[in-house]
Amino acid sequence: MTTAHAVDTFDSLNPATDEVIGTFPVHTADQVEEAVARAKDAAAWWAGLGFSGRADRLAAWKGILARRLTELCKLVSEETGKPTGDAQLESVLAIEHLAWATKNAHRVLGRKRRSPGLLLANQAASVEYQPLGVVGVIGPWNYPVHTPLGSVSYALAAGNAVVFKPSEYTPAVGTWLVDAFAEVVPEYPVLQLVTGFGPTGAALSHAEVDKIAFTGSAATGRKIMTAAAKRLTPVVIEAGGKDPVLVDEDADLDAAAEATVWGAFSNAGQTCAGVERVYAHERVYDEFLAKVVALTEQVEPGQDYGPMTMPSQLAIVRRHIADALARGGRALVGGEGAVGDRYVRPTVLVDVPEDSEAVREETFGPTVTIAKVADMDEAVEKANDSAYGLGSTVFSRRRGMELARRLRTGQTAINAPFSFVGIASLPFGGVGESGFGRIHGEEGLREFARPKAIARQRFTAPLALTSFARSAKTEALVGKLISRLHGRR
Ligand code: ADP
């Protein structure tokens, strides 16, 4: 967007070195409203391209992301502090999702016939999913490519224009993505960027957008819903999690330990669907724990994961560890002193009371609590005793499906970590404090579209029901027909 009258700016820093990555405008409420106004024209033009016209452009955007992957990953790594391999992982997944949304939008959202039913058999019924118009996307910093594109790609494929507000910690990555899009869609600002802090995001949630897709904390999600309520603007909220892993007595313990260590510590634990709690069957608890400890001892901050991207998170991680230890918990790796100025050493906590902060609140750091359970019923009960319900993982040879279905979370992976995130056809979203609405998959496309129902009369009905000329005979006939059809029991 034009930044001619933006007065304030802010710097984005490399969290490992404090080096300035770039300087960005703090967009005002007026500027956000102007962007939304421009997006309305862009939305009409973009919708007019139809599914195949949009698919061409989205495929070209995808091509740029894939060809310039190294450049993108370097920027993600510099701005978040994560290793380039992790930057690549999130970017690759984002490209897969973009490809899926592009390829499937027509099939999922295009016009489909529906049965008109017996009483209205003279009608042809159909439903199509039309674009909403302008979607505001407010993004987080922990996965600055994968997470916002989980909304942006699906919203664009569904025919909407998007005004995207990246996190104040990752504006450079946001700019890169939007600039790449403008190369393939130069005609209209179909995907625009607004940058700034909370108030810029708040301005977007007050603006005349047709939907808001938010990823961030539940507390900010609440504020956004409150703002959106003024215009009855619908919202999709992807908030945090306190994701559990269940380890059954017949589990592959090596795989379960590996998944726990990766799930808890990769990206320095700054993952909404990262592993925060483990409930392991008492018959395998000791052996599993020994494997987790051995693997954790090999994890090196600064090499396997980066610094905390957001410095204010350090105090929260420190508080959760201190609370766990003060209340009888023990740190088998890390613990007191694990939290440094930028980096946090991986921390494995056991014997932590279930009502402590480390078990109940989202830590968003490289820590994990591991608890022993008598059986998998207790594991399910404890896993579900949480305000959050984003992801979960089950390691079990025989009961994986059964346990997965009983977990109160939006998605569950069985015998592998995070697999649901990479499967583009699966919806992703939360329960409770983890939010609501779904991104990804068919549900993610429909989230950014409005069902339009059309009933077209093909011939005059033999029974005229919607007319003042309706006769007593017709009414009697319909009454009989219905009791025949539905009144048998
Ligand atoms: P996190 O703690 O993960 O950074 P936040 O919920 O604070 O999560 O921020 C996520 C996104 O929401 C960021 O882009 C941030 O600028 C934006 N944001 C913060 N406060 C508000 C608000 N009141 N209204 C709208 N967006 C906001």
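What percentage of the 489 residues of the chain count as buried? In this predicted model, in which local features need pLDDT of at least 70, side-chain atom pairs count only at pLDDT 80 or more, and totals for chains, interfaces and linings use all residues, the share that counts as buried is 54% of the 489 residues, buried being under 20% relative accessible area with a 1.4 Å probe and protein chains only. Residues are numbered from 1 along each chain as its sequence is written, and side-chain values use heavy atoms, with hydrogens and water left out.

The chain comprises 17 helices and 18 strands, assigned as DSSP runs (H or I of at least four residues for helices, E of at least two for strands). Its radius of gyration, taken over C-alpha atoms, is 25 Å, close to the 23 Å from the globule rule (2.2 Å times the number of residues to the power 0.38), so the chain is as compact as a globular protein of that length. The C-alpha trace spans about 85 × 65 × 40 Å along its principal axes. Of the contacts (heavy atoms within 4.5 Å) with a separation of 6 or more, 72% are accounted for by residues 24 or more positions apart.

The structure holds zero disulfides, a disulfide being a pair of cysteine sulfur atoms within 2.5 Å. For C73, which is in no disulfide, the nearest cysteine sulfur is that of C272, 19 Å away. C73 counts as buried at 4% relative accessibility, and C272, likewise in no disulfide, counts as buried at 17%.

Note on methods:
Buried < 20%, exposed > 50% of the residue type's maximum accessible area, 1.4 Å probe, protein only.
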